[in-house]
Amino acid sequence: MSDEEHHFESKADAGASKTYPQQAGTIRKNGYIVIKNRPCKVVEVSTSKTGKHGHAKCHFVGIDIFTNKKLEDIVPSSHNCDVPHVNRTDYQLIDISEDGFVSLLTESGDTKDDLRLPTDENLLKQIKDGFAEGKDLVVSVMSAMGEEQICALKDIGPK
């Protein structure tokens with residue numbers, strides 16, 4: 001036996017997979033799919049009929065949920081595709097720091113300080129203006145495949 005001590009870094013996700021497999025033929029429009037290692041929302045699905053080798057192909061057009069880039073993929077309909085686990089969580093906005101990070105209040109009463117302001121100009125302006133006016137704002141944070149980004153904003157009234 002060895003006398004060495006082993007130290008393991010603990011991860012909150014307990015080794016859970018960031019994606020799960022789903023047959024390509026069952027993925028529909030407005031669902032999610034991983035294209036080129038990016039989580040995407042499916043905006044268009046078309047299926048070609050079986051060719052001489054017997055596989056119908058699914059043509060997916062997806063928009064990256066974080067960068068809004070359009071990505072495409074063609075997969076045989078009987079094969080499995082990766083589908084990202086996408087979560088949406090609402091947090092109350094506490095503060096906006098000078099370096100572009102936001103301070104959010106979680107449901108358990110802790111603060112979450114590791115999120116940047118969104119890159120979407122319209123949403124960014126709404127958040128900054130609402131915060132400057134002293135409104136109580138709730139932001140929706142979308143998370144998938146280890147990434148998180150603010151994707152929506154709700155005003156719950158004045159402070």
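Touching, or contact, here means heavy atoms within 4.5 Å. Before we go on, keep in mind that you're looking at a predicted model, where local features need pLDDT of at least 70 and side-chain atom pairs count only at pLDDT 80 or more, while totals for chains, interfaces and linings use all residues. Residues are numbered from 1 along each chain as its sequence is written, and side-chain values use heavy atoms, with hydrogens and water left out.

Buried means under 20% relative accessible area, exposed means over 50%, and partly exposed is in between (with a 1.4 Å probe, protein chains only). In soluble globular proteins, nonpolar side chains tend to be buried together.

Now zoom out for a moment. The protein has one helix and eleven strands, and along the sequence they follow the pattern β-β-β-β-β-β-β-β-β-α-β-β. Of its 159 residues, 33% count as buried. Among contacts between residues at least 6 apart in sequence, 48% join residues at least 24 apart.

Strands β7 and β10 run antiparallel and are joined by six bridges; one of the pairs to look for is Y91 with its bridge partner V139 in β10. Two strands count as paired if DSSP finds at least two bridges between them. β7 also pairs with β8, again in the antiparallel sense, over four bridges, and here D95 stands opposite S103. The hairpin of β7 and β8 has four residues between the strands, and G100 takes a positive phi near 90° there.

Next, head towards the start of the chain. Strands β2 and β3 are antiparallel too, with four bridges between them, and V34 has P39 as its bridge partner in β3. Their hairpin leaves two residues between the strands, and K36 in the turn has a positive phi of about 50°. N37, in the loop between β2 and β3, has a positive phi of about 60° although it isn't a glycine. N37 is also exposed, at 66% relative accessible area. N30 has a positive phi as well, near 75°; you'll find N30 in the loop between β1 (19–23) and β2 (32–35). Is N30 buried or exposed? It counts as exposed because its relative accessibility is 51%.

V43 and I63 are 20 residues apart in sequence, yet their C-alpha atoms are 7.0 Å apart in space. Not counting residues up to four places away, V43 touches K29, V61, G62 and I63. Beyond β3, K49 is in the loop between β3 (38–48) and β4 (57–64). K49 is exposed, with a relative accessible area of 74%, and it is in contact with H55 and A56, leaving aside neighbours within four places in sequence.

Last stop: the largest pocket, with a volume of about 310 Å³. A pocket is an open set of points, on a 1 Å grid over the protein atoms alone, where a 1.4 Å probe fits, with protein on both sides within 12 Å along at least five of seven lines; lining residues have an atom within 4 Å of a point. The volume is the space filled by probe spheres set on the points, which are joined across faces, edges and corners. Fifteen residues line this pocket, and I65, F66, N68, M142 and C151 lie nearest its centre. Strand β11 (residues 147–158) gives the largest share of the lining, three residues.
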